[in-house]
Amino acid sequence: MTNDALAQHLSGLSVRLLHRLAKNRLVRHFRMGKTRLIQSLLNLPPEQRAEIETTLTSLLSEPPRPSKPDKQGKSKPQPDAPRHPAPTSRQHQVPTEPAINTQALLEGIGVPQPQPFKPDDWQQDAIDRLATNDVILSVPTGSGKTYVAIEAMRRAIEAERTVIYTSPLKALSNTKLTEFSQLFGADQVGILTGDRRDNPQAPILIMTTEILRNLLYDAASGEIDVRMDTLGLIILDESQFLADAERGVVWEETIIFAPAQSRLLLLSASIGNPEEVAAWISSIRSTSCHLIHHRNRSVPLRAAYLDPSGKLAPFFRTRDIAHGKGFVLHPETKRLFANYEDRTLGPRYKR
Ligand SMILES: Nc1ncnc2c1ncn2[C@@H]1O[C@H](COP(=O)(O)OP(=O)(O)OP(=O)(O)O)[C@@H](O)[C@H]1O
Ligand SMILES: [Mg+2]
(Lines give C-alpha, C1' and ligand atoms only; values in the text may rest on other atoms or scores of the structure.)
(Ligands and ions follow the chains in the order given, each with its own letter.)
Protein backbone atom coordinates (compact mmCIF):
# COMPACT_ATOMS: atom_id res chain seq x y z
CA MET A 1 0.00 0.00 0.00
CA THR A 2 1.42 3.43 -0.83
CA ASN A 3 2.03 5.94 1.90
CA ASP A 4 -0.78 8.12 0.62
CA ALA A 5 -3.26 5.23 0.44
CA LEU A 6 -2.43 4.11 3.97
CA ALA A 7 -2.64 7.68 5.25
CA GLN A 8 -6.02 8.02 3.56
CA HIS A 9 -7.32 4.86 5.26
CA LEU A 10 -5.92 5.85 8.65
CA SER A 11 -7.46 9.29 8.49
CA GLY A 12 -10.87 7.69 7.98
CA LEU A 13 -10.55 5.76 11.27
CA SER A 14 -11.65 6.96 14.66
CA VAL A 15 -9.00 7.84 17.24
CA ARG A 16 -10.13 4.75 19.20
CA LEU A 17 -9.19 2.45 16.33
CA LEU A 18 -5.94 4.32 15.70
CA HIS A 19 -5.00 3.68 19.34
CA ARG A 20 -5.83 0.02 18.79
CA LEU A 21 -3.37 -0.05 15.90
CA ALA A 22 -0.76 1.82 17.92
CA LYS A 23 -1.00 -0.47 20.96
CA ASN A 24 2.34 -2.23 21.67
CA ARG A 25 3.85 -0.49 18.67
CA LEU A 26 4.15 3.13 19.75
CA VAL A 27 5.22 4.33 23.16
CA ARG A 28 2.83 6.73 24.93
CA HIS A 29 0.44 6.59 21.95
CA PHE A 30 -2.43 7.37 24.34
CA ARG A 31 -1.07 10.93 24.69
CA MET A 32 -1.11 11.59 20.94
CA GLY A 33 -3.76 13.43 19.01
CA LYS A 34 -5.10 12.06 15.74
CA THR A 35 -2.56 13.80 13.47
CA ARG A 36 0.44 12.63 15.48
CA LEU A 37 -0.97 9.12 15.73
CA ILE A 38 -1.31 8.87 11.95
CA GLN A 39 2.16 10.33 11.36
CA SER A 40 3.74 8.00 13.89
CA LEU A 41 1.97 4.94 12.44
CA LEU A 42 3.16 5.91 8.95
CA ASN A 43 6.72 6.25 10.24
CA LEU A 44 6.87 2.76 11.75
CA PRO A 45 9.63 0.43 10.47
CA PRO A 46 8.64 -1.69 7.40
CA GLU A 47 7.93 -4.86 9.43
CA GLN A 48 5.46 -3.17 11.74
CA ARG A 49 4.08 -1.17 8.86
CA ALA A 50 3.15 -4.46 7.12
CA GLU A 51 1.39 -5.61 10.30
CA ILE A 52 -0.55 -2.35 10.40
CA GLU A 53 -1.71 -2.88 6.84
CA THR A 54 -2.91 -6.42 7.63
CA THR A 55 -4.70 -5.33 10.82
CA LEU A 56 -6.20 -2.41 8.98
CA THR A 57 -7.59 -4.69 6.25
CA SER A 58 -9.27 -6.88 8.88
CA LEU A 59 -10.55 -3.83 10.77
CA LEU A 60 -12.09 -2.40 7.63
CA SER A 61 -13.83 -5.70 6.95
CA GLU A 62 -15.26 -5.88 10.52
CA PRO A 63 -19.03 -5.31 10.63
CA PRO A 64 -19.90 -2.04 12.40
CA ARG A 65 -20.51 -2.42 16.15
CA PRO A 66 -24.19 -2.33 17.06
CA SER A 67 -24.84 0.89 18.92
CA LYS A 68 -26.57 0.93 22.30
CA PRO A 69 -29.90 2.71 22.20
CA ASP A 70 -29.99 5.82 24.36
CA LYS A 71 -32.66 6.59 26.98
CA GLN A 72 -35.13 7.67 24.33
CA GLY A 73 -34.52 4.43 22.46
CA LYS A 74 -32.61 6.16 19.63
CA SER A 75 -29.44 4.56 18.31
CA LYS A 76 -26.21 6.51 18.62
CA PRO A 77 -24.29 7.12 15.37
CA GLN A 78 -21.48 4.63 14.68
CA PRO A 79 -18.11 5.94 15.86
CA ASP A 80 -16.58 5.27 12.45
CA ALA A 81 -19.58 6.18 10.38
CA PRO A 82 -19.13 9.27 8.20
CA ARG A 83 -19.96 12.32 10.27
CA HIS A 84 -22.93 14.47 9.44
CA PRO A 85 -22.00 18.06 8.78
CA ALA A 86 -23.93 19.02 11.95
CA PRO A 87 -21.67 20.83 14.45
CA THR A 88 -20.10 18.67 17.16
CA SER A 89 -20.65 19.44 20.83
CA ARG A 90 -17.09 20.83 20.90
CA GLN A 91 -17.90 23.29 18.14
CA HIS A 92 -20.93 24.36 20.11
CA GLN A 93 -18.62 25.39 22.94
CA VAL A 94 -16.59 27.82 20.80
CA PRO A 95 -17.66 31.24 22.02
CA THR A 96 -18.68 33.80 19.46
CA GLU A 97 -16.80 36.73 21.05
CA PRO A 98 -13.20 37.28 19.84
CA ALA A 99 -10.36 35.59 21.70
CA ILE A 100 -8.09 37.82 23.82
CA ASN A 101 -4.75 38.95 22.39
CA THR A 102 -1.27 38.57 23.91
CA GLN A 103 -1.23 42.16 25.14
CA ALA A 104 -4.43 41.59 27.10
CA LEU A 105 -2.92 38.44 28.57
CA LEU A 106 0.11 40.32 29.88
CA GLU A 107 -1.86 43.33 31.14
CA GLY A 108 -1.33 44.16 34.79
CA ILE A 109 1.67 41.85 35.25
CA GLY A 110 4.45 43.56 37.16
CA VAL A 111 5.90 44.24 40.58
CA PRO A 112 3.22 45.34 43.04
CA GLN A 113 3.67 48.33 45.36
CA PRO A 114 5.39 47.24 48.60
CA GLN A 115 2.98 46.89 51.53
CA PRO A 116 3.50 45.88 55.15
CA PHE A 117 3.22 42.11 55.52
CA LYS A 118 0.00 40.93 57.13
CA PRO A 119 -0.71 37.21 57.37
CA ASP A 120 -4.03 36.07 55.94
CA ASP A 121 -6.56 34.74 58.45
CA TRP A 122 -6.12 31.15 57.26
CA GLN A 123 -2.33 31.44 57.73
CA GLN A 124 -2.76 32.65 61.31
CA ASP A 125 -5.36 29.95 61.95
CA ALA A 126 -2.95 27.25 60.70
CA ILE A 127 -0.13 28.49 62.96
CA ASP A 128 -2.42 28.68 66.01
CA ARG A 129 -3.92 25.23 65.37
CA LEU A 130 -0.46 23.66 65.20
CA ALA A 131 -0.02 24.35 68.90
CA THR A 132 -2.45 21.51 69.60
CA ASN A 133 -3.36 19.75 66.35
CA ASP A 134 -1.92 18.26 63.21
CA VAL A 135 -2.76 20.46 60.23
CA ILE A 136 -3.34 19.88 56.53
CA LEU A 137 -2.91 23.01 54.44
CA SER A 138 -4.60 22.39 51.13
CA VAL A 139 -4.52 25.77 49.38
CA PRO A 140 -3.58 26.88 45.84
CA THR A 141 -0.07 27.33 44.52
CA GLY A 142 1.51 30.64 45.46
CA SER A 143 -0.92 31.42 48.27
CA GLY A 144 1.64 31.42 51.11
CA LYS A 145 2.11 27.96 52.57
CA THR A 146 5.81 28.67 53.18
CA TYR A 147 4.97 31.47 55.64
CA VAL A 148 2.99 29.00 57.78
CA ALA A 149 5.83 26.46 57.62
CA ILE A 150 8.44 29.04 58.65
CA GLU A 151 6.37 30.48 61.51
CA ALA A 152 5.63 26.96 62.79
CA MET A 153 9.35 26.17 62.63
CA ARG A 154 10.18 29.36 64.51
CA ARG A 155 7.76 28.45 67.28
CA ALA A 156 9.08 24.90 67.55
CA ILE A 157 12.69 26.16 67.85
CA GLU A 158 11.64 28.70 70.50
CA ALA A 159 10.09 25.83 72.45
CA GLU A 160 13.43 23.96 72.13
CA ARG A 161 11.98 21.30 69.88
CA THR A 162 13.51 20.08 66.64
CA VAL A 163 11.97 20.22 63.19
CA ILE A 164 12.09 17.87 60.22
CA TYR A 165 11.09 19.21 56.84
CA THR A 166 10.64 16.69 54.03
CA SER A 167 10.23 17.11 50.31
CA PRO A 168 9.87 14.50 47.57
CA LEU A 169 12.81 15.86 45.54
CA LYS A 170 16.49 16.26 46.30
CA ALA A 171 16.52 19.49 44.26
CA LEU A 172 13.71 20.98 46.37
CA SER A 173 15.51 19.88 49.55
CA ASN A 174 18.63 21.74 48.40
CA THR A 175 16.62 24.89 47.65
CA LYS A 176 15.00 24.72 51.08
CA LEU A 177 18.44 24.32 52.72
CA THR A 178 19.52 27.64 51.20
CA GLU A 179 16.22 29.35 52.07
CA PHE A 180 16.07 28.14 55.70
CA SER A 181 19.81 28.74 56.28
CA GLN A 182 19.33 32.39 55.32
CA LEU A 183 16.39 32.70 57.71
CA PHE A 184 17.57 30.70 60.72
CA GLY A 185 21.39 30.71 60.27
CA ALA A 186 23.50 28.04 58.55
CA ASP A 187 24.38 26.35 61.87
CA GLN A 188 20.68 25.79 62.61
CA VAL A 189 19.90 23.84 59.44
CA GLY A 190 21.11 20.45 58.20
CA ILE A 191 20.30 18.19 55.25
CA LEU A 192 20.06 14.43 54.73
CA THR A 193 19.38 13.12 51.24
CA GLY A 194 20.75 10.21 49.24
CA ASP A 195 23.54 12.52 48.00
CA ARG A 196 24.16 14.89 50.89
CA ARG A 197 24.71 14.74 54.62
CA ASP A 198 25.49 18.13 56.15
CA ASN A 199 25.08 19.24 59.75
CA PRO A 200 22.89 16.25 60.78
CA GLN A 201 22.73 17.44 64.42
CA ALA A 202 21.07 20.76 63.50
CA PRO A 203 17.67 21.51 65.08
CA ILE A 204 16.11 21.94 61.64
CA LEU A 205 16.73 18.97 59.36
CA ILE A 206 15.72 18.81 55.73
CA MET A 207 15.44 15.37 54.16
CA THR A 208 13.61 13.41 51.52
CA THR A 209 10.48 11.70 52.82
CA GLU A 210 12.08 8.28 52.17
CA ILE A 211 14.94 9.10 54.57
CA LEU A 212 12.51 10.18 57.30
CA ARG A 213 10.45 7.02 56.80
CA ASN A 214 13.62 4.95 57.23
CA LEU A 215 14.56 6.87 60.39
CA LEU A 216 11.07 6.21 61.76
CA TYR A 217 11.44 2.50 60.90
CA ASP A 218 14.66 2.40 62.95
CA ALA A 219 12.93 4.15 65.84
CA ALA A 220 9.98 1.77 65.64
CA SER A 221 12.30 -1.26 65.69
CA GLY A 222 13.71 -0.21 69.06
CA GLU A 223 16.82 1.67 67.98
CA ILE A 224 15.43 4.83 69.57
CA ASP A 225 17.00 7.91 68.10
CA VAL A 226 17.25 10.70 70.68
CA ARG A 227 16.00 13.14 68.03
CA MET A 228 12.63 11.42 68.04
CA ASP A 229 12.02 12.42 71.68
CA THR A 230 12.59 16.09 70.99
CA LEU A 231 11.02 16.16 67.55
CA GLY A 232 8.32 18.85 67.75
CA LEU A 233 7.28 19.36 64.15
CA ILE A 234 7.28 17.33 60.94
CA ILE A 235 6.50 19.24 57.77
CA LEU A 236 5.58 17.13 54.74
CA ASP A 237 5.76 19.40 51.71
CA GLU A 238 4.10 18.31 48.44
CA SER A 239 2.05 15.88 50.49
CA GLN A 240 -0.20 15.04 47.52
CA PHE A 241 2.46 12.35 46.99
CA LEU A 242 0.38 10.37 49.47
CA ALA A 243 -1.70 9.42 46.43
CA ASP A 244 1.29 8.43 44.28
CA ALA A 245 0.93 4.84 43.10
CA GLU A 246 4.58 3.96 43.81
CA ARG A 247 5.85 6.38 46.46
CA GLY A 248 2.58 7.10 48.30
CA VAL A 249 3.25 4.31 50.79
CA VAL A 250 6.30 6.24 52.05
CA TRP A 251 4.11 9.23 53.04
CA GLU A 252 1.54 6.86 54.53
CA GLU A 253 4.13 5.07 56.69
CA THR A 254 5.75 8.35 57.71
CA ILE A 255 2.40 9.58 59.05
CA ILE A 256 1.68 6.25 60.76
CA PHE A 257 5.11 6.07 62.47
CA ALA A 258 5.41 9.79 63.32
CA PRO A 259 6.03 10.21 67.07
CA ALA A 260 2.86 11.04 69.00
CA GLN A 261 4.27 14.28 70.48
CA SER A 262 5.33 15.70 67.08
CA ARG A 263 2.88 17.91 65.24
CA LEU A 264 2.35 17.10 61.56
CA LEU A 265 1.99 19.84 58.97
CA LEU A 266 1.03 18.60 55.50
CA LEU A 267 1.39 21.13 52.69
CA SER A 268 -0.13 20.75 49.27
CA ALA A 269 -1.86 22.64 46.50
CA SER A 270 -3.40 19.58 44.96
CA ILE A 271 -4.84 17.02 47.37
CA GLY A 272 -8.08 15.89 45.74
CA ASN A 273 -9.72 14.54 48.91
CA PRO A 274 -8.26 16.53 51.85
CA GLU A 275 -11.30 15.83 54.08
CA GLU A 276 -10.73 12.08 53.80
CA VAL A 277 -7.00 12.44 54.47
CA ALA A 278 -7.68 14.62 57.56
CA ALA A 279 -10.22 12.06 58.84
CA TRP A 280 -7.73 9.23 58.33
CA ILE A 281 -4.92 11.08 60.14
CA SER A 282 -7.30 11.93 63.02
CA SER A 283 -8.25 8.25 63.27
CA ILE A 284 -4.66 7.01 63.66
CA ARG A 285 -3.06 9.81 65.71
CA SER A 286 -3.59 10.90 69.28
CA THR A 287 -4.70 14.44 68.31
CA SER A 288 -7.20 15.42 65.64
CA CYS A 289 -6.06 16.76 62.30
CA HIS A 290 -7.37 20.20 61.35
CA LEU A 291 -7.98 20.88 57.67
CA ILE A 292 -7.47 24.30 56.11
CA HIS A 293 -8.77 24.21 52.57
CA HIS A 294 -9.61 27.04 50.18
CA ARG A 295 -9.31 27.79 46.48
CA ASN A 296 -8.70 31.57 46.54
CA ARG A 297 -5.70 32.56 44.51
CA SER A 298 -3.90 35.59 45.92
CA VAL A 299 -1.89 35.76 42.70
CA PRO A 300 -4.07 35.16 39.62
CA LEU A 301 -2.80 32.45 37.30
CA ARG A 302 -2.80 32.88 33.53
CA ALA A 303 -1.63 30.36 30.96
CA ALA A 304 0.38 31.08 27.82
CA TYR A 305 2.04 29.01 25.14
CA LEU A 306 5.67 29.85 24.35
CA ASP A 307 6.50 28.48 20.93
CA PRO A 308 10.11 27.39 20.23
CA SER A 309 10.15 30.22 17.64
CA GLY A 310 9.93 32.67 20.55
CA LYS A 311 6.30 33.64 19.92
CA LEU A 312 4.03 33.86 22.94
CA ALA A 313 0.28 33.36 22.70
CA PRO A 314 -2.54 33.04 25.23
CA PHE A 315 -3.21 29.36 25.91
CA PHE A 316 -6.96 29.78 26.28
CA ARG A 317 -9.38 32.09 24.48
CA THR A 318 -10.07 33.80 27.80
CA ARG A 319 -7.54 35.49 30.08
CA ASP A 320 -8.29 33.49 33.21
CA ILE A 321 -7.79 29.78 33.37
CA ALA A 322 -11.07 28.00 32.90
CA HIS A 323 -11.74 25.32 35.49
CA GLY A 324 -13.22 21.94 34.74
CA LYS A 325 -14.40 20.93 31.32
CA GLY A 326 -15.28 23.16 28.43
CA PHE A 327 -12.13 25.31 28.04
CA VAL A 328 -11.28 26.36 24.52
CA LEU A 329 -7.72 26.74 23.28
CA HIS A 330 -6.66 30.04 21.76
CA PRO A 331 -6.67 29.91 17.92
CA GLU A 332 -3.14 31.38 17.73
CA THR A 333 -1.78 28.70 20.08
CA LYS A 334 -3.48 26.02 18.01
CA ARG A 335 -1.93 27.43 14.84
CA LEU A 336 1.56 27.73 16.35
CA PHE A 337 1.39 24.22 17.74
CA ALA A 338 0.21 22.75 14.43
CA ASN A 339 3.18 24.46 12.71
CA TYR A 340 5.48 23.09 15.38
CA GLU A 341 4.14 19.58 14.75
CA ASP A 342 4.63 20.04 11.02
CA ARG A 343 8.24 21.08 11.54
CA THR A 344 9.06 18.29 13.93
CA LEU A 345 6.95 15.42 12.55
CA GLY A 346 7.28 16.14 8.83
CA PRO A 347 4.55 17.49 6.55
CA ARG A 348 1.15 17.34 8.17
CA TYR A 349 -1.16 14.88 6.52
CA LYS A 350 -3.98 16.77 4.84
CA ARG A 351 -7.32 15.09 4.37
N1 LIG B 1 -0.32 37.03 53.62
C2 LIG B 1 0.38 37.33 52.52
N3 LIG B 1 0.22 38.51 51.89
C4 LIG B 1 0.91 38.83 50.77
N5 LIG B 1 1.82 38.01 50.20
C6 LIG B 1 2.05 36.82 50.78
C7 LIG B 1 1.33 36.39 51.95
N8 LIG B 1 1.76 35.15 52.29
C9 LIG B 1 2.70 34.81 51.39
N10 LIG B 1 2.87 35.79 50.48
C11 LIG B 1 3.79 35.78 49.31
O12 LIG B 1 3.21 34.93 48.32
C13 LIG B 1 4.25 34.33 47.54
C14 LIG B 1 4.01 32.84 47.40
O15 LIG B 1 4.12 32.22 48.66
P16 LIG B 1 4.64 30.73 48.84
O17 LIG B 1 5.91 30.49 48.09
O18 LIG B 1 4.65 30.46 50.29
O19 LIG B 1 3.48 29.94 48.14
P20 LIG B 1 3.13 28.39 48.30
O21 LIG B 1 1.74 28.32 48.80
O22 LIG B 1 4.19 27.69 49.09
O23 LIG B 1 3.15 27.93 46.79
P24 LIG B 1 3.61 26.54 46.14
O25 LIG B 1 2.38 25.69 46.09
O26 LIG B 1 4.04 26.97 44.78
O27 LIG B 1 4.72 25.96 46.95
C28 LIG B 1 5.58 34.66 48.24
O29 LIG B 1 6.21 35.69 47.50
C30 LIG B 1 5.14 35.15 49.60
O31 LIG B 1 6.04 36.10 50.12
MG1 LIG C 1 5.65 26.15 48.64
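Q: Before we start, what relative accessible area makes a residue buried, partly exposed or exposed here?
A: Exposed means over 50% relative accessible area, buried means under 20%, and partly exposed is in between. Keep in mind that this is a predicted model.

Q: OK, then take Glu-160: buried or exposed?
A: Glu-160 has 71% relative accessibility, so with the cut-off at over 50% this residue counts as exposed.

Q: And where does Glu-160 sit?
A: Glu-160 is in the loop that runs between helix H8 (145-158) and strand E2 (162-167).

Q: What's the phi of Glu-160 like?
A: Phi of Glu-160 is near 60 degrees, which is a positive value in a residue other than glycine. For background, most residues other than glycine have a negative phi.

Q: Which other glutamate has a positive phi?
A: Glu-238 has one, about 50 degrees, and Glu-238 is not a glycine either. You'll find Glu-238 in the loop between strand E6 (231-236) and H12.

Q: How exposed is Glu-238?
A: Glu-238 counts as partly exposed, because its relative accessibility is 29%.

Q: Let's zoom out. How many helices and strands are in the protein chain?
A: The protein chain has 14 helices and ten strands.

Q: And what share of the residues is buried?
A: 37% of the 351 residues of the protein chain count as buried.

Q: Switching to helix H13, which of its residues are buried?
A: In H13 (residues 274-284), the buried residues are Pro-274, Val-277, Ala-278 and Ile-281. Looking down the axis of H13, these buried residues fall within an arc of 100 degrees, so they line one face of the helix.

Q: What's on the other side of H13?
A: Glu-276 and Ser-283 are there, and they are exposed.

Q: A loop isoleucine, then. Buried or exposed?
A: Ile-271 has a relative accessible area of 11%, and therefore counts as buried.

Q: What is Ile-271 in contact with?
A: Leaving aside neighbours within four places in sequence, Ile-271 is in contact with Ile-136, Ser-138, Ser-239, Gln-240 and Val-277. Val-277 is also one of the buried residues of H13.

Q: How far is Ile-271 from Phe-241?
A: Their C-alpha atoms are separated by 8.7 Å, and the two residues are 30 apart along the chain.

Q: And the loop between H13 and E8, what about Ser-286 there?
A: Ser-286 is in that loop, and with a relative accessible area of 62% this serine is exposed. The C-alpha atoms of Ser-286 and Asn-133 are separated by 9.3 Å, although the two are 153 residues apart along the chain.

Q: Next up, helix packing. How do H1 and H4 pack?
A: Helix H1 (residues 3-11) packs on helix H4 (residues 46-61) at an angle of about 45 degrees, and their axes are 11 Å apart. H1 and H4 are therefore oblique to each other, and their crossing is left-handed.

Q: Which residues meet there?
A: H1 brings Asn-3, Leu-6, His-9 and Leu-10, and these meet Arg-49, Glu-53, Leu-56 and Leu-60 in H4. By class, that contact has four nonpolar, two polar and two charged residues.

Q: And what does H2 do with H4?
A: The axes of helix H2 (residues 15-22) and H4 come within 10 Å and cross at roughly 140 degrees. H2 and H4 are therefore oblique to each other, and H2 passes H4 in a right-handed crossing.

Q: Who meets whom in that one?
A: Leu-17, Arg-20 and Leu-21 in H2 meet Ile-52, Thr-55, Leu-56 and Leu-59 in H4. The residues there divide into five nonpolar, one polar and one charged.

Q: Last one: Thr-333, buried or exposed?
A: Thr-333 counts as buried, because its relative accessibility is 4%. This threonine is in helix H14 (residues 331-345). Leaving aside neighbours within four places in sequence, Thr-333 is in contact with Tyr-305, Ala-313, Pro-314 and Phe-315.

Methods: Residues numbered from 1 in each chain as written. Chains lettered and ligands numbered in written order. Predicted model: local features only at pLDDT ≥ 70, side-chain atom pairs only at ≥ 80, totals over all residues. Heavy atoms only, no water. Buried < 20%, exposed > 50% of the residue type's maximum accessible area, 1.4 Å probe, protein only. Helix = DSSP H or I, 4+ residues; strand = E, 2+ residues; numbered from the N terminus. Arc of directions from axis to C-beta. Axes fitted to C-alpha atoms, helices over the stretch in contact; angles between N-to-C directions. Parallel < 35°, antiparallel > 145°, perpendicular 65-115°, else oblique. Left-handed = near helix turned anticlockwise from the far one by under 90°. Contact = heavy atoms within 4.5 Å. Nonpolar A, V, L, I, M, F, W, Y, C, P; charged D, E, K, R; others polar.
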